[in-house]
Amino acid sequence: MNALELKNVTKKFGKVVANKNVNLTVKSGEILAVLGENGSGKTTLMNMIAGIYYPDEGEIFVNGNPVTIASPKDAFDLHIGMIHQHFKLVDIFTATENIVLGIKDKKRFNLKDAEKKVIEISSKYGFEIDPKKKIYEMSVSEKQTVEIVKVLYRGADILILDEPTAVLTPQETEKLFKVLKKMRDDGKSIIIITHKMHEVLSVSDRVTILRRGEYIDTVATAETNEAELTEMMVGKRVSLNIDRSEPKNPVDRLVVNHLNLKNSENVKILDDVSFTAKSGEILGIAGIAGSGQKELLESIAGLHTSAQGEITYIDPQNKEINLMEKTPVQIRELGVRLSFVPEDRLGMGLVGNMDIIDNMMLRSYKKGKSMFLDRQPPKKLAKSIIDELEVVTPSATTPVRRLSGGNVQKVLVGREIASSPTVLMAAYPVRGLDINSSYTIYNLLNEQKENGVAVIFVGEDLDVLLELCDRILVISSGTVSGIVDGRTATKEGVGLLMTKVKGAKENEE
Amino acid sequence: MKNKSKRTHEPLFHISKRTDVSLKTGIIIRIVAIILALIVCGIVTKIFTGDNPISIYKTIFDGAFGKGRTLVTIHEIAILLCVSLAVTPAFRMKFWNIGAEGQVLIGCLSTAMCMFYLGGKIPDGLLMLIMAIFAIVSGIIWGIIPAFFKAQWGTNETLFTLMMNYVAIQLIEYFLKIADKSGSNVVGPDLLTHGWFPTLFGTNYLLNILIVAVLTVVLYIYLKYSKHGYEISVVGESENTARYIGINVKKVIIRTMALSGAICGLAGLLLVGGASHSIDSNLADGRGFTAIMVSWLAKFNPFTMILTTLLIVFLERGADEVSSKFGLNSDFAQILTGIILFFIIGCEFFINYKINFNHKKRAQVKEEK
């Protein structure tokens with residue numbers, strides 16, 4: 001009998017279909033991996049099992065009985081426990097206090113007994129945990145252990161782990177997998193969400209693949225291989241017919257050498273990244289989301305002062321300008337026309353509550369000596385962008401957060417292009433956009449390329465990257481795993497590079 | 001099985017955020033809230049005192065705008081408005097300055113000290129100039145200290161500004177001990193004899209009211225049309241955006257809190273030099289905290305703030321009058337004020353959120369059964 005079964009589960013958010021007719025089964029004593037690219041609906045699906053979302057259609061069975069899971073409490077009653085990507089712990093409490101927090105049983109509460117039980121669970125599965133340690137003194141992996149023990153303490157038989165290895169070092173991952181296997185042997189059912197191929201192969205018994213919210217297939221891990229899984233995950237190549245002109249006399253414009261960056265927890269985000277962006281071409285950056293693309297662009301734009309290495313801009317007069325340890329303002333003052341369309345449009349590129357005119361000023365408001373703002377130039381710019389890019393908006397004084405995603409992006413890209421850049425960086429510029437808006441953006445990028453701009457394009461859709469870009473840099477866990485020619489590369493080849501672990505480099509052009 | 005009953009407990013309703021609130025909807029919701037508040041107040045009054053609610057409302061109005069009270073009420077509005085204007089730039093930056101009370105008090109203290117030590121020794125005009133400089137500079141210092149710590153080390157501005165209030169209070173107590181050896185807890189006009197603001201057209205307080213009126217316009221322009229105001233909005237809306245375009249966030253935080261503190265210091269100057277000519281540790285009278293509410297209710301718009309200040313002062317003065325005229329405990333007036341504010345603030349929830357009842361889904365579930 002299946003410990004958990006989902007039949008034809010569908011979940012929509014407004015018009016967006018996050019999951020469509022998804023089927024999934026987990027047996028007792030089994031590790032099931034759920035594999036899919038970003039935005040393929042993995043987390044939404046798991047949240048429905050954990051009672052955070054409620055499915056629009058479809059049925060859920062636990063041990064063969066149909067159930068309704070309307071809240072996380074229902075999920076706990078059914079012995080389902082989820083370990084979220086972002087931990088939900090109280091910092092100033094100890095491990096044990098966090099573990100027992102919110103448990104309602106008839107017995108009188110006794111912290112000593114609770115601690116004993118925590119130690120019992122830990123030794124049974126091989127966790128290393130100090131029940132008296134406070135959360136704020138713990139490392140990320142210790143916190144994760146607390147989260148796992150928390151759901152086990154509550155008697156969970158079905159455990160869901162949402163990208164548990166994203167925050168772990170390889171050694172910690174190894175340890176976690178050992179524990180998971182022990183739990184499996186004890187008869188627990190485990191669902192692990194991941195997009196790292198080698199992890200799927202090393203830990204799971206079966207794999208369920210999702211693509212763009214749809215259920216693709218479930219296969220036994222022992223009977224499959226990396227190439228097959230990659231193909232199922234990214235899908236067959238579709239022709240999009242994006243025009244791609246030959247780059248006109250490309251020259252080096254931006255040279256990045258041995259760039260390293262660590263985050264606040266001292267984990268390497270960028271590891272010895274080197275590449276060159278040339279004028280008149282589009283350099284694509286492919287990789288699983290969170291592999292360091294965002295930080296790479298932000299480092300170039302001057303937002304990460306702790307980055308180490310070399311970033312050199314070569315202006316059209318062949319003068320070299322060092323961009324390391326420069327703030328965005330300093331970069332602008334050096335005459336470097338660097339435009340940046342960040343991933344987070346309303347949280348970084350634009351201010352959601354301000355109108356289009358005020359957003360146009362973000363880059364240029366400081367011009368002039370007056371202490372007052374001159375709203376005339378941004379007004380003109382707003383008008384021309386609305387006309388030229390066909391932005392659908394009630395007026396130029398509408399707050400940008402009220403516009404649809406495509407129109408927000410047109411406003412942002414429009415502003416960045418308006419400063420006639422020589423380097424244009426765009427991170428996921430078509431995410432969440434419909435086909436027409438996406439093509440508007442591709443055309444804008446192509447136009448810039450033909451004008452001799454060095455375009456750096458971070459994308460998630462491999463089909464688009466292969467049709468649009470002249471060269472594609474593939475990034476995997478913060479390292480460059482390859483730079484390939486956009487005209488000859490194959491989807492499978494890029495897909496394999498994306499999931500490649502540290503090691504051999506193929507730095508070929 | 002125990003799970004069978006679960007079919008029915010799908011949530012009854014869910015709350016979603018309104019993306020777009022028209023001005024009309026907003027006004028209607030607010031009017032309904034005020035009407036409901038008055039009805040509830042009426043019922044409460046009837047039940048607990050037996051008095052006619054209508055006559056109570058009339059008394060509230062007389063308390064604020066009855067004979068000979070209008071000027072005092074307007075002055076009261078001006079002072080509260082001044083403190084509310086002070087907290088506004090910081091609030092627009094999402095810097096939760098709840099230390100306006102202390103910043104005003106330190107301004108009061110500086111003013112009083114100038115009057116006490118320099119009064120009579122130098123010409124009054126020069127004295128007033130020195131009073132103004134000291135009041136404003138001390139306000140700035142009180143504002144900048146927490147801002148600096150926040151900008152440099154990310155300390156919590158709410159706690160920090162709150163604590164600074166108590167420092168200011170204790171400093172005033174210390175001054176009172178030195179200035180008035182009799183042990184009184186007020187240093188009154190008999191000791192602060194010089195540096196009183198002139199009366200304009202034979203009317204007290206008029207200078208104070210004019211200063212605040214000008215300040216309101218200036219601050220509106222500053223926030224809306226100056227580069228500084230623009231930077232404040234960007235930092236408040238999204239620090240990431242500010243970083244992205246290269247705004248020096250630390251500098252903006254410190255500069256804006258300096259402005260906040262300066263206006264608080266000015267309010268202290270107006271209170272001592274232009275109105276009470278005395279000082280005690282309760283002189284700010286909680287305005288630093290009331291101002292937070294005024295500023296919020298007005299959505300940080302200086303002009304709307306005139307209305308919200310009017311409302312709050314009107315309620316406070318009316319409530320005082322009710323308790324004295326009807327011989328009710330003063331707490332009763334506060335209950336009425338509390339009820340009205342509860343409805344006015346509570347209605348903001350319905351302006352920002354919509355409640356959706358799950359009729360359709362529930363019907364479906366029943367059919368399935």
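1. Domain bounds come from an automatic or database domain assignment, and for chain A this assignment gives domain 1 (2-234), domain 2 (250-337 + 421-509) and domain 3 (349-419).

2. This is a predicted model, in which local features need pLDDT of at least 70 and side-chain atom pairs count only at pLDDT 80 or more, while totals for chains, interfaces and linings use all residues. Residues are numbered from 1 along each chain as its sequence is written, chains are lettered from A in the order in which they are written, and side-chain values use heavy atoms, with hydrogens and water left out.

3. The centres of domain 1 and domain 2 of chain A, taken over C-alpha atoms, are separated by 34 Å. Between these domains of chain A, 12 residues of domain 1 are in contact with 13 residues of domain 2 (contact means heavy atoms within 4.5 Å), and the count of salt bridges between them is 0 (a salt bridge is a side-chain nitrogen of Lys or Arg within 4 Å of a carboxyl oxygen of Asp or Glu).

4. Turning to the two chains, 46 residues of chain A are in contact with 30 residues of chain B. Together the chains bury about 3100 Å², 54% of it on carbon and sulfur atoms; buried area is the accessible area (1.4 Å probe) that two parts lose on being put together, summed over both. Of the area that chain A buries against chain B, Thr68(A), Met348(A) and Tyr365(A) supply 18%, more than any other three residues.

5. Across the interface of chain A and chain B the rule finds 1 salt bridge. Lys366(A) forms a salt bridge with Glu231(B), and their closest N and O atoms are 3.7 Å apart.
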